[in-house]
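Me: Could you take me through this structure by question and answer, with the cut-offs behind each term?

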Amino acid sequence: MGQSVNYLGLIPLFPLVGAVVIGLLHVFTCNKRRLPEKFYGLLACVGPALSFILALKVFIALKALPPESRFLSHKVFTWFSVGDLHIDMGFLADPLSCLMLLFVTFIGSLIHIYSIGYMGGDKNYGKFFAYMNLFLGSMLVLVLGDGPVVMFVGWEGVGLCSYLLISFYSEDRSNVLAGNKAFIVNRIGDLGFVLGMAFLFWAVGAQGFDYLSLKANVHQLTPGVALAVCLLLFVGATGKSAQIPLYVWLPDAMAGPTPVSALIHAATMVTAGVYMVARFSFIYAHVELAGTIVAWVGILTALLAAIFGMFQDDIKKILAYSTVSQLGYMFAGVGVAAYSAGIFHVFTHAFFKALLFLGAGSVIYALHHEQNIWKMGGLKAKMPKTYMTMVIGALALAGCPPFSGFFSKDEILYSALATGHIGIWLVGVLVAGMTAYYTFRMIFVVFHGEPRDHHAFEHAKESPSVMVVPLIILAVGAVFAGFLNFPGIMTISHWLEPSLTEAHHGSVILQVIAILASIAAFAVGIKIAYSKFGQGCPEPEFKGFAAFAYHKFYVDELYHAVIVRPYKAIGAAIWQVVEPNITDAPVQGASRLYILLGSAFKVFQVGYVRVYAIYMIVGLSIMSLFLSQSLN
Amino acid sequence: MIHNFLFLSVILFCLGIVGVIARRNVFTVFMSIELMLNAANLAFVAFSRIHESMDGHVLAMMVMAVAAAEAALALAVVILLHKHKGKLDTNVFSLLKG
């Protein structure tokens with residue numbers, strides 16, 4: 001059995017308290033004398049940093065336990081208890097949540113530090129950090145929750161915070177719309193999650209509704225119910241983790257400040273779906289069909305997003321599509337029952353994607369909020385540190401050995417090959433090549449060649465050290481994080497073993513084939529990117545297929561035409577036809593009836609005292625008559 | 001014997017009712033009410049006499065006291081009504097008309 005400890009609940013509590021304190025300070029001071037920015041920045045970093053320290057403590061405590069009983073639990077209080085449903089506000093740290101905890105708090109803290117520089121001078125400085133802390137706290141609740149219900153609290157919390165932060169620059173209407181879109185699309189996914197949870201409770205919830213009880217009772221699930229639960233939960237994951245068909249919100253989420261994008265893409269939010277599938281690996285492992293569907297949806301998302309990524313001209317949109325694409329890989333990993341590979345990719349991706357976003361933020365900051373890559377160019381000379389770190393991040397993303405992304409991506413592709421999913425493997429290799437292409441297209445266009453906009457280029461300079469230091473730390477992570485799961489050693493896979501239900505396969509030949517294919521794809525991708533963009537090139541015109549991909553296959557327009565417009569039409573019909581005629585009519589009829597009745601009785605109210613006296617006497621007389629009758 | 005007292009009481013009471021209903025002067029209405037009270041008093045005293053108990057007397061005294069208090073109040077109201085409209089016609093005061 002695991003240990004019961006009393007400090008797990010504190011981990012999410014620190015950022016949440018930070019959010020409340022900063023939020024209140026901001027509310028009470030924003031209209032008067034404003035507090036210095038440094039004060040807010042310092043306060044905001046305290047919560048995540050303390051959480052990170054506690055996460056280290058959790059890691060050490062877990063390490064001390066024997067592998068088969070590696071978990072810590074903390075029941076804070078009984079939340080509610082209705083019939084069979086007993087829900088504790090409880091937290092659970094096992095190897096899986098501990099790994100998530102470590103990198104979420106670590107990267108989250110770095111992004112907070114970076115934000116001190118990036119957000120400097122913003123008039124809602126305090127509000128920004130309150131939301132950021134709330135975001136991180138929600139994610140920690142999600143990761144640490146000991147059952148689906150507590151996870152759902154965090155799940156909704158990150159949804160809310162993403163909405164608040166994406167529409168942070170709320171003066172601009174398009175930002176607000178992007179926030180709305182993220183929130184609404186996520187709600188669609190959340191509905192799937194709630195239904196899946198309800199199904200699960202209906203089937204096996206009576207004996208306890210936390211992960212450990214569910215895991216013990218999972219054999220009672222009939223295959224049909226298990227498939228339904230898996231698919232419904234996956235609908236939730238597609239919303240939160242931006243998979244087909246609900247990926248459309250993530251590229252629009254670039255409307256938020258760049259540190260927010262980094263936080264959403266690296267540490268919080270989008271990894272939640274992958275984490276959830278891995279968390280429920282004990283169910284997914286029993287339903288092969290669900291896993292196959294997850295894997296195919298994942299790899300097709302990876303392909304689609306990679307195609308879009310190749311033709312974007314906004315530096316943040318390129319990165320956004322690369323995230324969607326990498327998330328597709330992760331789902332392909334967990335779909336083929338290689339849960340540790342999927343989580344490992346989440347882990348390495350967190351480093352290099354945070355690095356790339358913060359690097360992109362540094363470029364955007366230097367160019368005064370210019371995001372179009374065709375207005376950049378030649379920045380290598382002006383921003384050497386940003387350039388170096390970005391290149392490291394790009395190599396990791398593109399899967400160049402021995403950077404971290406190579407190991408995790410290769411692990412997923414190898415697992416797909418080893419489990420016989422040849423189709424997924426082939427598409428995966430193709431996407432690996434495309435990833436290398438669009439990543440280095442971005443690097444070459446932004447940093448190499450001749451400056452395209454001379455005015456902006458003259459004013460560009462390296463960002464302050466509060467922004468560069470986190471970049472360097474993340475770059476170190478992006479280089480070395482992969483070695484934690486070096487093929488043959490597999491530290492992370494062994495560490496995660498107690499939490500996950502997965503089979504291991506070993507085939508050196510397949511491993512070698514997978515590695516060679518990945519390297520070849522990387523080499524081809526970077527070669528094409530170099531030949532087209534390495535020496536600098538003018539802004540190309542998108543024609544034919546490229547224009548089609550530049551407009552993202554018109555998926556947004558399609559959704560708008562097929563879902564949004566009919567939905568609005570239905571709303572208008574209900575508002576203009578059903579409401580006045582069907583729902584309002586009885587209500588107004590009732591009020592008219594009473595007015596009619598009133599006017600009938602009105603004639604008795606003549607207003608003269610003596611008439612009322614007559615009524616009184618008549619009434620008394622009738623009463624007396626009745627009385628005398630009944631006495632006789 | 002007792003019937004005579006009760007007949008007188010009923011006659012007085014009916015006179016009071018007719019006064020309240022038929023007359024329009026506020027003072028007359030007020031005096032009619034007093035008449036009805038005293039009709040009731042007469043009935044009380046008569047019954048008290050028959051039953052050889054003092055209860056009716058007590059109640060009669062009580063009604064007198066209440067009537068005195070009510071007279072003070074009612075006269076004040078009459079003064080206010082007069083101040084308000086300058087008339088003492090009950091038909092003028094018909095704000096409760098629906």
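Predicted model: local features only at pLDDT ≥ 70, side-chain atom pairs only at ≥ 80, totals over all residues.

Reply: Residues are numbered from 1 along each chain as its sequence is written, and chains are lettered from A and ligands numbered from 1 in the order in which they are written.

Me: What percentage of the residues of chain A count as buried?
Reply: The secondary structure of chain A comprises 25 helices and three strands, where helices (H or I, at least four residues) and strands (E, at least two) are DSSP runs numbered from the N terminus. A residue is buried if 20 or more other C-beta atoms lie within 10 Å of its own, exposed if 12 or fewer, and partly exposed in between, with C-beta atoms placed from the backbone. Of the 632 residues of chain A, the share that is buried is 51%.

Me: Which residue takes a positive phi in the hairpin of strand 2 and strand 3 of chain A?
Reply: In strand 3 of chain A, A:His86 is the bridge partner of A:Ser81, and A:Leu92 stands opposite A:Ser73. The hairpin has two residues between the strands, and the residue with a positive phi, near 55°, is A:Gly83.

Me: How many nonpolar residues has the contact of helix 3 of chain A with helix 10 of chain A?
Reply: Helix 3 (residues 95-118) of chain A and helix 10 (residues 258-267) of chain A pack at about 170° with axes 9 Å apart, the axes being lines fitted to C-alpha atoms over the stretch in contact and the angles running from 0 to 180 degrees between N-to-C directions. That makes the two helices of chain A roughly antiparallel, since angles over 145 degrees count as such, under 35 as roughly parallel, 65 to 115 as roughly perpendicular and the rest as oblique. Ala, Val, Leu, Ile, Met, Phe, Trp, Tyr, Cys and Pro count as nonpolar, Asp, Glu, Lys and Arg as charged, and the others, Gly among them, as polar. By class, the contact has three polar residues, no charged ones, and nonpolar residues numbering eleven.

Me: How many residues of helix 18 of chain A are buried?
Reply: The 26 residues of helix 18 (residues 422-447) of chain A should span 38 Å at 1.5 Å a residue, which agrees with end C-alpha atoms 37 Å apart; the expected span is 1.5 Å times one less than the number of residues. Helix 18 of chain A is mostly covered, and of its 26 residues the number buried is 22.

Me: Which helix gives the largest share of the side of chain A that touches chain B?
Reply: Ten residues of chain A are in contact with ten residues of chain B, contact meaning C-beta atoms, placed from the backbone, within 7 Å. The chain A side divides into six nonpolar, two polar and two charged residues. The largest share, five residues, comes from helix 25 (residues 609-631) of chain A.

How values were computed
Pairing = 2+ DSSP bridges. Contact = placed C-beta atoms within 7 Å.
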